[in-house]
Amino acid sequence: MEKERNIRFDKYNSQAMKGIAIVMMLLHHMYLKKSYEGYDVSYAPFPEDTMLYMCNVFKICVPIFAFISGYGLYLSYRKKRTTPVGWTVSRLIKTMSGFWIIWILSAIIFQAMFGFVTRVYFSHGNKVQSLVAMGIDFLGLKTLFGTASMNGTWWYMSAAVIFILLVPLVMKLEDCLPMVLALVVAFPHIVMLDMARETDVYTFIPVFLMGMCVAKYDLLERWLRVWNKIPQRVVKFLLELLVLFLFYKAYGKILPFLYNEIRWGIFPIIVVAFCAEFINVIPGIRQILLFLGKHSMNVFLVHTFIRHYFWKDFIYSFGHFIPDFLALLVTSLAVSIALEWLKKVSGYNRLIQNICMKIG
């Protein structure tokens, strides 16, 4: 008898996907080019050019996070038990609370150790502008205003804020959601904006809206139910693997000259579909990915301090990409685990939860 597998893109599969995306992000940031950060790295036994190309392709981690955000925020908004304003404020506080405590701790610790806050914000002499820049950075809006930030990787927090603010507006036109997506995709090309190579908040709005569309029409769940018997799933696995390989090879050759929505929209969604069905369900690997996904936001927020600003001599000291990567991953996870413990014992989590409950 043919056996069926009922796989769903639930919160656990989504969390495991975040685990894959954060691994991609670390590799992408660590190995963008030869002798990155001034350190020579061995990729043996793999060809160096192949590894560098793959790590550049791992830029798709950003649209993967954006897609998951669109998917999850759509479902959250549909289940809301409060007003649109109440949902928006509550969601902003819940999302930004993890960033705020890291911002505060980073400011205190790195100012004490390196005078970092003074160097970042107060090096131009205008105290008012410096304080404004600090406030904007604390709110996660530095990308929108072009002000100073303690951490360049935090540009994505501006995207997170924009995504949340967009949801109630887009949901007013929920029945026309595909048309909204089409207009957002078409607009930069109509007005001749060259966004093909940009890393910007607005670059990832299309894939965020794609996530909302996929959630609205249950497209990912439907796809996971297609060919879900063993013989058919083998064919499905091979076909998806072939499609992913073609997108992978085309990423740096053809797609940069076409539309961004293909490179950072369609391709990442296919990656999500493939991993959701064939990777995230593997016993052992699933548990590891769930653990990484649970800590993915903290790792994203702190890893640049470790890798780039203060301890890169340690991270790149092993001379080989695997131990270098593991050093960054393990160190970032250790910081995240300590941070989660601190948030729990200090009552920070309970405070944020109570605020969100009162608002909602």
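Contact here means heavy atoms within 4.5 Å. The model is predicted: local features need pLDDT of at least 70, side-chain atom pairs count only at pLDDT 80 or more, and totals for chains, interfaces and linings use all residues. Residues are numbered from 1 along each chain as its sequence is written, and side-chain values use heavy atoms, with hydrogens and water left out.

**View A. Contact of helix α2 with helix α12.** Helices (H or I, at least four residues) and strands (E, at least two) are DSSP runs, numbered from the N terminus. Thr50, Tyr53, Met54 and Val57 of α2 touch Tyr248, Lys249 and Ala250 of α12. By type, the residues of this contact are 5 nonpolar, 1 polar and 1 charged (nonpolar: Ala, Val, Leu, Ile, Met, Phe, Trp, Tyr, Cys and Pro; charged: Asp, Glu, Lys and Arg; polar: the others, Gly among them). The axes of α2 (residues 48-57) and α12 (residues 230-250) come within 10 Å and cross at roughly 100°. That angle makes α2 roughly perpendicular to α12. Axes are lines fitted to C-alpha atoms, for helices over the stretch in contact, with angles running from 0 to 180 degrees between N-to-C directions. Angles under 35 degrees count as roughly parallel, over 145 as roughly antiparallel, 65 to 115 as roughly perpendicular and the rest as oblique.

**View B. Buried residues of α2.** Met51, Leu52, Cys55 and Val57 are the buried residues of this helix (buried: under 20% relative accessible area; exposed: over 50%; partly exposed: in between; 1.4 Å probe, protein chains only). They pack against α1, α12, α13 (260-278) and α17.

View C. In α14 (residues 285-294), Leu289, Leu290, Leu292 and Gly293 are buried. Seen down the axis of α14, these buried residues fall within an arc of 165°, so they line one face of the helix. The arc is that of the directions from the helix axis to the C-beta atoms. Ile288 and Lys294, on the other side of α14, are exposed. Among the elements covering the buried residues of α14 are α1 (11-30), α15 (296-310) and α17 (321-345).

View D. The structure holds 0 disulfides, a disulfide being a pair of cysteine sulfur atoms within 2.5 Å. The closest cysteine sulfur to that of Cys61 belongs to Cys55 and is 11 Å away, too far for a bond. Cys61 is buried, at 1% relative accessible area. For Cys213, which is in no disulfide, the nearest cysteine sulfur is that of Cys176, 11 Å away. Cys213 has 8% relative accessibility and counts as buried.

View E. Most residues other than glycine have a negative phi, and most peptide bonds are trans. Ala44 and Pro45 are joined by a cis peptide bond with omega of about 5°, and Pro45 sits in the loop between α1 and α2. Asp218, not a glycine, has a positive phi of about 55°. It lies in the loop between α10 (205-216) and α11 (219-224) and is partly exposed, with a relative accessible area of 28%. Trp227, also not a glycine, has a positive phi of about 50°. Its place is the loop between α11 and α12, where Trp227 is partly exposed at 38% relative accessible area.

**View F. Pro283 in the loop between α13 and α14.** Pro283 has 71% relative accessibility and counts as exposed. Its C-alpha atom is separated by 25 Å from that of Thr331, 48 residues apart along the chain.
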